[in-house]
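Subject: Structure for you to look at

Dear colleague,

Here is the structure I said I would send. My notes follow below it.

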Amino acid sequence: DGTLGYGGHSSAMMKELQGRGHLYSLDLDPIEMAKTKARLNENGFGDDIFTPIHTNFANLAEVASQHGPFDFLMADLGVSSMQIDNPERGFSYKLDGPLDLRMDPTKGESAAQRLASLEEDELISILIENSDEPYAEELAAAIRKHFWKGGKIDTTTDLRNIIDEVLEKIWAKNSKKGYNISKEDKKEEEKKTCQRVFQALRIEVNSEFDNLYSFLEALPHAMKSGGRIAILTFHSGEDRLVKKAFKAGQKAGIYSEISEEVIRPSREECFVNPRARSTKLRFAKKA
C-alpha cells in the first residue's frame, strides 16, 4: 500500500491475504501513521503480516530494493479523512486552523509560509497548473495586494476570506454587465473555488506531482512479472500522469494490460461515501 492513511485499504488487503504473504504500507504522515499502526495491530494485524514504513511513496525504488518485488501495489492519491477533519492540519477550507497543508508537518514550509514567498506570476502558474483555476489572475493579484498592504494569511479562514472577496467583486462586475448569479450558484462556485485553491497549494507544498513522477518511474522495477497495480486519483492532473505512464509502459512492453477507460465509483458507493465522488481508478499488469 503506497498510501497507508487511515488504513482502510491496507486492512482490506490483509483480509484478502488470509494470513499469507506480507503487506508493506508507506505513509509520509508520522502523526497519523502511528495511530493507524496501533489501530490495525488492535484488529489483529501484527508484525507477522504488516509493516508500516514512514516514507514518501516517491521512494518506492528504495523500498522495493529492500522488500520487493511485489505481487500487488495500490496507491490512493487523495488526502485522508483524518487529515481533512483535523483543523490543526489546515487541509479543509471549512474548518478554521493554521494554513499548513503539509503531509509531514515536521518538514518543509507550511502553505502560509510558501504563499507569502510567492510572486504574483508564480502563484498564477501554481493555481492554473495544479487545479485549472479559472480565477487564477484575480486571486493571485488579491493575495499579493493583501501582503503588500501588510496583511497576513496565516489561517484557512484568512485565505477563504480573500477568496470570498475576489468572487464578490467578480459577481458584482458581471452583474453590471447584466449577468446575474443565484445564491445557490454563488455558494457552489465559492465551494469549488476554495477546493481548487487549497488543492493547488497542497500540491505545491508537498511537491505532489514531482513525487508522483518518481513513483510512476519506479513502479515497473518494483513489481514481479504478472504483478498488478491500482492507482486512485482525485483530479485531472494526477489522472493524466497515471494514464500517460501506463500507456507508455504498455507500448514499451512493460505492462501486458492496462485499464482502457477510467473506472469510477458507483452511485451507491458515492451515496455511502460522498468523498469518493471524484475518484478515478486505473490499473496495470506487469508483463
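What covers the buried residues of α2? Bear in mind that this is a predicted model. The cover includes α1 (8–17), β1 (23–27), β2 (50–54) and α4 (81–84).

The buried residues in question are Glu32, Met33, Thr36 and Leu40. Around the axis they take up an arc of only 100°, so they sit on the same side of α2. An α-helix has 3.6 residues a turn, so residues three or four places apart point the same way. The length of α2 (residues 30–42) also checks out: at 1.5 Å a residue, its 13 residues should span 18 Å, and the end C-alpha atoms are 19 Å apart, which agrees.

Next, the loop between α2 and β2, where aspartate 47 lies. Is aspartate 47 buried or exposed? Its relative accessibility is 58%, and exposed means over 50%, so aspartate 47 counts as exposed. Beyond its neighbours within four places in sequence, aspartate 47 contacts His22 and Lys37.

The last item is a helix pair. The axes of α6 (residues 120–131) and α9 (residues 183–205) come within 8 Å of each other and cross at roughly 100°, so the two helices are roughly perpendicular. On the α6 side the contact is made by Ile126, Leu127, Asn130 and Ser131. Helix α9 contributes Arg196, Val197, Gln199, Ala200, Ile203 and Glu204. By type, the residues of this contact are 5 nonpolar, 3 polar and 2 charged.

Regards

Technical notes. Residues numbered from 1 in each chain as written. Predicted model: local features only at pLDDT ≥ 70, side-chain atom pairs only at ≥ 80, totals over all residues. Heavy atoms only, no water. Axes fitted to C-alpha atoms, helices over the stretch in contact; angles between N-to-C directions. Helix = DSSP H or I, 4+ residues; strand = E, 2+ residues; numbered from the N terminus. Parallel < 35°, antiparallel > 145°, perpendicular 65-115°, else oblique. Contact = heavy atoms within 4.5 Å. Nonpolar A, V, L, I, M, F, W, Y, C, P; charged D, E, K, R; others polar. Expected span 1.5 Å × (residues − 1). Buried < 20%, exposed > 50% of the residue type's maximum accessible area, 1.4 Å probe, protein only. Arc of directions from axis to C-beta.
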